[in-house]
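Let's take a friendly walk through this model together.

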Amino acid sequence: MANQSGQIYGLTILAPILGEDDHLDIGHATAVRWYLAGLPQDHTGPFAKISSTHFCRLVVMDDVVFVGSPAREEHLKSRYLVFESNFDGDLDTYLTRMAREIPDLVDAVWKHCVGYPGVADPAAFAAYMKKCQITTTFFFADVNNKTVDQTLKALQVQSDVSHFIAKNQGKPAVELQSAFRILLERMTKAPAPLRGGKDSEKTAAEDRPYDH
Amino acid sequence: MELLLLTNINGKAYAMNAITPMKRWKTPILWLIFFILGAIKPLQSALKNLSFIHFARWVIVKHNQFPHLDPKQPAEDLQYDYLIFFSNFNGTWNEYIDAFSAVLSKGLNTIWRWSEKFPGSVPVTPFKTYIGQVQFDTDYYYNAYPRASTNDVKAALRVQDAFNAFAENSKNLSPAEFEKAYLEFLVQVQADLGSTGMAPVGT
């Protein structure tokens, strides 16, 4: 199944955005963009609550592209909201969780889309999303056998082990063994790593102010 | 310092979107190519060995497949089918396209040669111009582990496996035996150590 790689599901949604309304100060597509522009990207963001989400994106697709003559120029009659997500588990569970756990985000974004039924009935929302789903033709996942939390835990272990090794270089065997037991205990009690990280820990360099 | 939200980038990952038109008769050929690519795993080894793509996908949207959910919604009237590409990669846009062009040129050409006016992935200048033309920006990008690259994730998983085995096997060792086993553990994981964090600045 092309939507699946190992235990990772690749969801692709194209939801048609409502046409422009003369009564609105701004159009639906612009309203979606304004809303998304203010949404946190880190652990305080909505998708950090859907714990199975590895990566996802929301994109307003304004039109198809014209690559130049002799290709034919053509245009879409609607804009489409693209939702691309890479998550653990099955589709129904994921869509239901979206409706139940991040209803504000779902409502604020998809209310601008044609046929959106709301989130009061999660099953109706899931059915609507499936109508907008396009089957992935080819899906590549480099690591496809670990959940988000397993991945975060491994990164935490790697960091802790690295610090431990640096800190305990050259110590006598007895002290080393004792320190290792303390490390094990501390790791057992450590809180789960934050999904989505903390924006406040980023630096200007990490945010790379330009890319090309 | 107030941080600027860059919507194509979150931590070490870049979200790329690209859409290219294809003549309808070419679509079945590309379906077949993707089918073969999916069925014969060794064909994916170059993509896997590049090791800087967390997730990527190609989605063929046929001319009549754009969702139509309400009679009031105008029906699309398209002549082309479309190939949409989504990638979550590490590094900068230029690094990504350069690496793709240098390492995967045959594979890329096999996939995109069916798209209108695709210039080929080598030489890189027209290839970059084409990608720039067909790419569209991301409005919101979430990454559950923004400080980790694909290589960081793979290394962390190897460290965790080795660490769990060492912790289990060293429970009842004497200090001298523990020290010896610890050194063996260090040798095993030394290439995979380090902390995740900020990405280097580059173009």
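A residue is called buried here if 20 or more other C-beta atoms lie within 10 Å of its own, exposed if 12 or fewer do, and partly exposed in between, with the C-beta atoms placed from the backbone. By that count, 39% of the 212 residues of chain A are buried. Please keep in mind that this is a predicted model, in which local features need pLDDT of at least 70 and side-chain atom pairs count only at pLDDT 80 or more, while totals for chains, interfaces and linings use all residues. Residues are numbered from 1 along each chain as its sequence is written, and chains are lettered from A and ligands numbered from 1 in the order in which they are written.

Let's start with the overall form of chain A. Its C-alpha trace spans about 75 × 45 × 40 Å along the principal axes. The radius of gyration, taken over C-alpha atoms, is compared with a globule rule of 2.2 Å times the number of residues to the power 0.38. For 212 residues a compact globule would come out near 17 Å, whereas chain A has 22 Å.

Next come the elements, which are DSSP runs numbered from the N terminus: helices (H or I, at least four residues) and strands (E, at least two). Chain A holds 6 helices and 5 strands, and from the N terminus on their order is β-β-α-β-β-α-α-α-β-α-α. Two residues are in contact if their C-beta atoms, placed from the backbone, lie within 7 Å. Among the contacts in chain A with a separation of 6 or more, 75% join residues 24 or more positions apart.

Now to strand E3(A). Why is E3(A) largely enclosed by the rest of the structure? Because 9 of the 9 residues of E3(A) are buried. Strands pair if DSSP finds at least two bridges between them. E3(A) pairs with E4(A) in the antiparallel sense over 8 bridges, and with strand E5 (residues 140-143) of chain B, again antiparallel, over 4 bridges. A:Leu58 takes part on both sides: it stands opposite A:Phe83 in E4(A), and its bridge partner in E5(B) is B:Tyr140. A:Arg57, in turn, stands opposite B:Tyr141 in E5(B).

That brings us to the contact between the chains, which takes 79 residues from chain A and 91 residues from chain B. On the side of chain A that touches chain B, H5(A) gives the most, with 11 residues.
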